[in-house]
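I am opening this notebook to keep track of what I look up, entry by entry. The sequence and the model come before the entries.

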Amino acid sequence: MDNPIPTNPFYHRTPVRDPAYFFGRRREREQLRNLVRNGQSVALIGPRRIGKSSLLWQLVHDLTNPTTRDGTTPDARYCVVYFSGEAWQDQPAHALYCGLWDAVTMTLRTTPSLANLAAEADTTTELDFPTFLRELRQLTSQGVRLLFLLDEFDALSRNRYLDEFFFSSLRSLAAGPGVIFVTASTLPLLELTYAQQSALSSPFFNIFLPQRLGLMPDNEALALLQGTATLGGRALTAEQQQWLLDLAGPHPCFLQIAGYHAWEARALGAAEDIPHLRQAIFTEAAPLWAYQWRYLSTDEQRALALLATAQPQSPSTLAQLQQACLLRASQARPGYLSPLLADFVRQQAIYQIIQAGPLLIDQEAQLAWLAGQALALSPQDYRLLTLLSTQAGRSLTRDELAQQLWPDEATAINHQDRLKTAINSLRRKLGDHGELVESAPNGGYRLRSDAA
């Protein structure tokens, strides 16, 4: 009987709740735990899929387990309430108070050390703030430290019913019963777009210490790959770990995707089919980058495209892209998160940028690069290369090229020899890649189709 294929341990589309499957974030995890234990509310900030929700669930484990992974013992009874705002962006305030209280009662019932308090906490469908406050005070008066983990806070910010009063009421919970809050959002709280602009007048936003969550250190990224694979009953070699890290970058989501497909490839006996594996990882990652791409500014998109060149970029723009976890820090200048992200960027339509195979043209600066190296082009070389690149793979007749290169002279003289001279000049400037400019069957020219 064949041995069953071990279950793939990778690819958490939902937050990692099981601490056995959570790797890395040692510094962030310890810092968050210590801040909360000191009564400090925290705003956790980072792009989508960087692991904010998973880190919140590890905080639940750290504060409520008798003994945590690092051997420390909690010094208080914590009621750690996880609450996602994702489904609450169109609910009135009284419904939100109900939702928060129901989350409290559910947490009491499922936390062994607090189960005796669950009988006193009834669920309800109607709850105003004074009643909500009274219930919380009754709970904290019994020695319970109450912590609200407000995930997907971006969604709450878009709720048209939540105004200054609602957020100020939450602020009063921190001042009165001593409730602690940890929010998770893609942007700092004061930079979110609030449906009720009056919300920003609330002192609620002044109690938070911002903490950014970014890319993982390489050693933690490798530990995630190896640790997760080991839990599935298979170890990865050091070479396999490094290859996956180089391909995906030290981003927990993309590491999980890479690990998942590498695991499947080994299960199917296709571990050496590197192009197939690379394409499978890219196909899974591309929609996540596409979502981020829609929210980048034109300057940020251009900076990503021009990163492959030596063209200077705005330090502030590069810093924003690093915070978005699209760039990795390096000694010289930031680089792409991964070669797969570089492939994704090359496939995008970008303002005043032409990308055709190894060619990149910045029409705004009227500069061109080949495989990242600047090309020394005359104005005529540049115009000809731009014409061919914008329609890469398509044959342009000599008349078409002449009319666009010399519009004021196209009908006045014969341009056969002149165009041939221009083509030869451009091919020389392209050096070893001169064959990119092909003679077409119709007597014209084209940029080779594999450069499209």
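Leaving aside its neighbours within four places in sequence, which residues is leucine 304 in contact with? I found Trp293, Leu296, Leu321, Leu326, Leu327, Tyr336 and Val345, where contact means heavy atoms within 4.5 Å.

Before going on, I noted that this is a predicted model, in which local features need pLDDT of at least 70 and side-chain atom pairs count only at pLDDT 80 or more, while totals for chains, interfaces and linings use all residues. Residues are numbered from 1 along each chain as its sequence is written, and side-chain values use heavy atoms, with hydrogens and water left out.

**Cores.** I then looked up the largest nonpolar core, which has 51 residues, and Trp289, Leu304 and Val345 are those with the most contacts inside it. Such a core is a set of buried Ala, Val, Leu, Ile, Met, Phe, Trp, Tyr and Cys residues joined through side-chain atoms within 4.5 Å, and buried means under 20% relative accessible area, with a 1.4 Å probe and protein chains only. Among the helices that each supply at least two residues of this core are α8 (218–231), α11 (274–294) and α14 (339–346); helices (H or I, at least four residues) and strands (E, at least two) are DSSP runs, numbered from the N terminus. A second, separate core has 41 residues, including Leu96, Phe129, Leu146 and Phe208.

**Sheet.** Next I followed the 5 strands that form an open sheet, paired in parallel in the order β2-β3-β4-β1-β5; two strands pair if DSSP finds at least two bridges between them. Because β2 (77–84) and β5 (208–212) stand at the edges with a single partner strand each, one side of each is left without a neighbour in the sheet. Between β3 (residues 144–151) and β4 I noted 4 bridges, and phenylalanine 148 stands opposite phenylalanine 181 in β4.

**Threonine 183.** Leaving aside neighbours within four places in sequence, I listed its contacts as Val42, Ala43, Leu44, Leu150, Phe153, Leu189 and Phe208.

Conventions
Buried < 20%, exposed > 50% of the residue type's maximum accessible area, 1.4 Å probe, protein only.
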